[in-house]
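Dear colleague,

Please find below the sequence and the structure that I am handing over to you. My findings follow directly after them.

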Amino acid sequence: MLPVDLPDTVREALLAPLVDHHCNGVRRDELSRSQFELLIGDGGGPAPPGTTHFDTPFGAAVRRWCAPVLGLAPHVTPSVYLSRRAELGAGEVNRRLLRAAGVAAFLVDTGPESGELLSAAEMGRHADAAADEIVRIEQIEHDVAEMARIAVDYLDSLAEELVARAARAVGMNTVIAHRCGLDFDPSRPSRGSVIAAANRRLSDPKERLTDPVLLRHLLWTAVDVARERGLPLQFHTGAGDADVEPHRADPARMTGFIKALQPIGVPVVLLHCYPFHRQAAHLAALFPHVYVDVGQALARTAAGAWRIMDEVLELAPFHKQLFSSDCSGVAESCHLGAVYFRRSLGVALKPRVDAGEWTAADAARVAHMVGSGNARRIYRL
Amino acid sequence: MLPVDLPDTVREALLAPLVDHHCNGVRRDELSRSQFELLIGDGGGPAPPGTTHFDTPFGAAVRRWCAPVLGLAPHVTPSVYLSRRAELGAGEVNRRLLRAAGVAAFLVDTGPESGELLSAAEMGRHADAAADEIVRIEQIEHDVAEMARIAVDYLDSLAEELVARAARAVGMNTVIAHRCGLDFDPSRPSRGSVIAAANRRLSDPKERLTDPVLLRHLLWTAVDVARERGLPLQFHTGAGDADVEPHRADPARMTGFIKALQPIGVPVVLLHCYPFHRQAAHLAALFPHVYVDVGQALARTAAGAWRIMDEVLELAPFHKQLFSSDCSGVAESCHLGAVYFRRSLGVALKPRVDAGEWTAADAARVAHMVGSGNARRIYRL
Amino acid sequence: MLPVDLPDTVREALLAPLVDHHCNGVRRDELSRSQFELLIGDGGGPAPPGTTHFDTPFGAAVRRWCAPVLGLAPHVTPSVYLSRRAELGAGEVNRRLLRAAGVAAFLVDTGPESGELLSAAEMGRHADAAADEIVRIEQIEHDVAEMARIAVDYLDSLAEELVARAARAVGMNTVIAHRCGLDFDPSRPSRGSVIAAANRRLSDPKERLTDPVLLRHLLWTAVDVARERGLPLQFHTGAGDADVEPHRADPARMTGFIKALQPIGVPVVLLHCYPFHRQAAHLAALFPHVYVDVGQALARTAAGAWRIMDEVLELAPFHKQLFSSDCSGVAESCHLGAVYFRRSLGVALKPRVDAGEWTAADAARVAHMVGSGNARRIYRL
């Protein structure tokens with residue numbers, strides 16, 4: 001899995017257990033070929049007629065790296081792979097793939113939780129790892145909006161529920177990038193504007209929240225809680241599901257908000273970031289409270305992941321970068337996130353050591369910091 | 001031309017005839033040095049005093065790869081190259097370079113057609129290849145605007161002419177990115193606003209159309225025709241001639257329009273894309289009807305093209321990427337487009353095979369899909 | 001320092017003395033560890049508790065490449081390095097590092113001048129090199145605003161002072177990117193609007209100028225002077241100190257202004273550019289009066305600098321690219337700027353020569369142009 005001829009200390013550091021600081025529960029049930037394809041495609045829909053989502057970098061990586069975990073030769077065809085998957089059963093497949101990832105602790109985004117997905121605790125049990133919760137603030141808002149009758153109740157419940165849910169969590173996360181873009185007004189909205197927006201909201205509480213005033217209110221309320229409890233706040237950024245134009249998810253767009261948070265001291269963790277990961281690394285270099293990871297991009301780009309890792313290492317301070325698998329849907333995404341993290345970090349470190357830029361001890365220390373040390377520090381694990 | 005030690009199957013797939021799904025006619029006449037320089041420079045003007053457009057990646061590539069096609073040693077000086085070019089004559093030069101490209105079928109953008117340029121049929125004859133037409137909708141509008149007297153005639157003629165021209169073509173293309181930017185309002189404009197804009201337009205019909213309302217009307221009318229006839233719609237995107245700010249030609253800006261076309265089913269083909277090719281690859285991964293190519297960038301960046309190819313392969317599904325030379329002006333751009341496509345795809349595939357990420361058969365299949373298979377499928381050749 | 005097995009001509013061209021067309025004076029005084037850390041961090045503040053700015057690409061590069069210049073082994077610890085630095089004294093350290101850079105001429109941005117920093121003349125004396133001045137127009141404005149009483153005096157003094165200061169300089173530079181963004185209105189502001197803004201300005205003249213009307217007035221006045229005297233105008237672009245959102249420092253945003261300057265003939269030099277260096281290279285290819293360098297990025301990204309250099313070479317004409325160290329704060333940044341320029345250009349040229357894309361003579365000529373020839377031409381040294 002790692003490049004050959006790495007110094008032993010670097011190899012050991014790369015193979016050490018990881019802290020996966022952002023992942024999602026994976027499906028617990030048996031999946032048909034069409035269900036599996038829907039879960040591995042980027043857009044959530046089927047591949048065009050005559051094509052398959054296996055014809056992607058991620059699909060090729062499933063055949064290469066997950067097949068052996070299921071006891072198959074590398075590069076088997078999709079149908080052989082899926083037959084074996086069905087034969088083993090979802091539970092065994094999930095256990096094998098989650099364990100193969102070599103993760104010591106999962107921080108699970110419980111936002112998309114549903115009966116179909118493994119819970120945080122189950123993720124841990126399947127993988128023989130620790131598991132903690134990252135709460136998604138838009139999910140809390142959704143739950144509150146469905147229950148509240150009047151705006152004041154909504155606001156009170158929101159604050160209470162954020163406090164209550166944060167009490168069990170090691171961090172919070174927000175998808176505001178994909179609800180209204182990261183170029184939102186960085187100021188805290190006035191109480192009057194929030195009340196007015198809340199009244200509109202309660203007339204249609206089942207809708208996904210996209211109102212920028214309420215999203216900002218939610219975010220600032222979460223900031224208060226995060227400050228109180230010393231929790232990091234994760235932001236989904238970069239290429240997402242195109243609810244808003246992708247360029248509006250460039251984390252550089254939220255520089256104003258980042259500056260507003262600097263005196264407050266809440267750590268801002270930029271997730272995914274691709275293809276804006278260089279901008280994110282610059283923000284992590286510039287601001288003491290900003291952290292960066294390229295989680296999702298590594299498994300999606302698979303054989304091309306090494307360049308993305310290398311581009312983040314161009315500028316990001318070593319104490320600011322984190323690992324996540326951003327696994328979701330299928331356990332394959334967890335294993336591949338870990339494989340391509342280790343592999344691409346190895347590919348990035350090797351020429352630095354070979355060319356005498358860094359010592360092997362430096363490289364090993366960086367691998368340790370990025371793979372687990374930084375996460376243990378900022379999430380206080 | 002290809003990296004050494006490629007598996008034979010991959011080598012053969014890369015050397016197989018290509019479908020060039022977007023090119024322009026090249027000049028048929030003899031060219032002086034200053035005319036040749038104007039045609040190979042990016043900005044359309046002469047190089048600054050004391051410099052030459054041969055001192056560019058493209059210029060160096062002409063000396064390296066085109067000189068041998070004209071019977072010269074690689075790397076001859078510009079003046080030796082141009083003397084030989086004059087000696088052979090434009091007809092022979094065009095035949096040699098277009099044939100050397102190894103293209104089975106040209107899809108020729110007939111928008112910039114003029115007596116100086118080879119027609120689609122002539123491109124085919126010179127290269128001993130098939131040739132089909134891609135109609136440029138802004139050129140049709142230009143022709144219609146010059147003839148129409150009143151707004152209603154303009155609108156009727158536009159619709160009729162689009163239908164008539166599309167009937168002979170295998171696709172349509174638009175340069176709206178360079179007329180008003182890709183951040184245009186994605187909705188279909190109202191008839192009232194179109195009539196009003198058409199009346200303004202007809203007072204100065206020789207001007208290049210830049211009115212966003214009429215450009216959107218033209219685009220939506222073209223969408224109707226494309227749907228009717230099952231034709232793909234090509235969008236010029238990325239670094240262009242700076243009629244609008246380059247960042248407004250980022251294809252991510254037209255995500256709203258792409259989403260509006262999704263239920264309609266018209267394939268959207270993103271041309272060029274550089275330096276936004278990662279954003280384009282993400283859109284191709286996200287939306288079933290979006291395709292991507294980096295045509296123009298490969299010959300322009302020449303010795304640096306391999307990275308661009310590799311960056312598209314990071315995320316683009318294999319069934320979504322296409323080859324184009326985007327040749328224009330001189331036939332050298334056609335040969336270099338094909339050289340750097342094959343070369344850079346080879347450079348991208350080799351480490352994937354060597355590292356065991358993909359099998360040689362996978363790599364060969366990807367080369368075939370991108371080089372010709374995908375184009376044959378979506379243009380129904 | 002250079003890749004092994006480079007042809008001798010290329011090696012010699014890379015090792016030839018450079019013209020550093022944009023640098024800043026470095027600190028003349030003894031620096032404590034905390035002062036040194038503040039100067040090598042990107043954000044201007046201390047590293048988060050428990051971390052150090054030595055854990056960055058730049059910090060690792062100081063240990064690798066500067067330690068030997070101070071007579072230490074490569075990769076010594078930060079504390080050993082700083083002890084040795086204190087032992088030698090700031091004067092000796094500055095002399096050693098500035099000389100080790102191998103620079104024949106410094107063009108020093110005197111904008112941030114203060115008693116703590118070496119002046120342009122001192123930079124030259126310490127390095128045994130020539131030194132000339134680049135005047136920062138916002139600094140001139142600041143000096144004028146503090147003296148003027150009424151708007152008319154302010155405007156007159158501004159024009160006079162720009163003329164006077166430009167008379168001693170070889171170029172001018174502007175930080176408008178970080179004051180109001182590069183998406184400013186490219187037109188020259190009306191006299192009325194300037195007078196009104198000047199009156200507002202004079203009520204608080206000690207503030208940093210951020211008013212877009214006065215910034216544009218200043219810029220256009222500088223353009224007049226630059227045209228008169230044949231001086232290039234440098235623009236800070238790309239990742240900066242986040243006074244404005246980083247994406248607004250993308251040089252593509254100022255395409256309109258670039259076009260407005262084209263008939264005037266004033267050279268526009270785009271500094272730094274990262275992570276928008278591909279956009280900058282495109283502008284340099286498109287417009288005859290636009291030049292590009294990635295100065296600051298090379299030392300900051302250090303072991304990762306080679307890719308940035310290579311990405312600029314993708315598209316920038318060879319007669320359009322320049323070298324700068326953008327050194328500031330500590331003399332280490334000058335030496336590292338030169339090290340990573342030579343090293344990354346060598347890494348970019350080697351595969352081009354090895355693959356037969358360019359001859360060794362071509363590569364040597366490009367190294368000479370970018371390292372010093374282009375700067376000598378446009379600054380008329």
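In this predicted model, Asn173(C) touches His22(C), Asp109(C), Ile134(C), Val135(C), Arg136(C), Ile137(C), Glu138(C), Leu233(C), Gln234(C) and His236(C), leaving aside residues up to four places away in sequence. Asn173(C) belongs to strand 4 of chain C, which covers residues 171-174. With a relative accessible area of 0%, Asn173(C) is buried.

Helix 7 of chain A, residues 137-147, may also be of interest to you. Its buried residues are Ile137(A), Glu138(A), Ile140(A), Glu141(A), Val144(A) and Ala145(A). Viewed down the axis of helix 7 of chain A, these buried residues fall within an arc of 150°, and therefore they line one face of the helix. An α-helix has 3.6 residues a turn, so residues three or four places apart point the same way. The partners against which the buried residues of helix 7 pack, within chain A, are strand 3 (130-136), helix 8 (151-166), strand 4 (171-174), helix 9 (176-179), helix 10 (191-202) and helix 11 (212-229).

Over all chains, a search of the whole structure finds 23 aromatic pairs. One of them joins Phe323(A) and Phe341(A): the ring centres are 4.7 Å apart and the planes stand at 50°, so this pair is tilted. Phe323(A) lies in the loop between helix 15 (305-313) and helix 16 (332-354) of chain A, while Phe341(A) lies in helix 16 itself, so the pair ties together parts that are 18 residues apart in sequence. Both Phe323(A) and Phe341(A) are buried.

A stacked aromatic pair is formed by Phe36(B) and Phe54(B), at 5.9 Å centre to centre and with 15° between the planes. Phe36(B) is in helix 2 (residues 33-40) of chain B, and Phe54(B) is in the loop between helix 2 and helix 3 (57-66) of chain B; the pair thus links distant parts of the chain, 18 residues apart. Phe36(B) and Phe54(B) are both buried. In chain A, Phe184(A), Trp220(A), Phe235(A) and Phe257(A) form one aromatic cluster.

In chain B, the charged end of Arg300(B) sits over the ring of Phe58(B), 4.6 Å from the ring centre. In chain C, Arg300(C) lies over the face of Phe58(C), at 4.6 Å from the centre of the ring.

How many disulfides does a search of the whole structure find over all chains? The search finds zero. Cys66(B), for example, is in no disulfide, and the nearest cysteine sulfur, that of Cys334(B), is 9.9 Å away. Cys66(B) counts as buried, at 0% relative accessibility. For Cys180(B), the closest cysteine sulfur is in Cys273(B), 17 Å away and therefore too far for a bond. Cys180(B) likewise counts as buried, at 11% relative accessibility.

Finally, the relation between the chains. A rotation of 120° with 0.0 Å of shift along its axis superposes chain A on chain C, with an RMSD of 0.0 Å. That is the relation of a three-fold axis. The two copies use different surfaces, in that 11% of the contact residues of chain A recur in chain C. Chain A can also be laid on chain B by a turn of 120° and a shift of 0.0 Å along the axis, with an RMSD of 0.0 Å. Here too the copies use different surfaces, as 11% of the contact residues of chain A recur in chain B.

With kind regards

Notes. Residues are numbered from 1 along each chain as its sequence is written. Chains are lettered from A and ligands numbered from 1 in the order in which they are written. This is a predicted model: local features need pLDDT of at least 70, side-chain atom pairs count only at pLDDT 80 or more; totals for chains, interfaces and linings use all residues. Side-chain values use heavy atoms; hydrogens and water are left out. Copies are superposed by least squares on the C-alpha atoms of residues with pLDDT of at least 70 in both. Contact means heavy atoms within 4.5 Å. Helices (H or I, at least four residues) and strands (E, at least two) are DSSP runs, numbered from the N terminus. Buried means under 20% relative accessible area, exposed over 50%, partly exposed in between (1.4 Å probe, protein chains only). The arc is that of the directions from the helix axis to the C-beta atoms. A disulfide is a pair of cysteine sulfur atoms within 2.5 Å. Rings of Phe, Tyr and Trp (its six-membered ring) pair if their centres lie within 6.5 Å; planes under 30 degrees apart count as stacked, over 60 as edge-to-face and the rest as tilted. A charge sits over a ring if NZ of Lys or CZ of Arg is within 6 Å of the ring centre and within 35 degrees of the ring normal.
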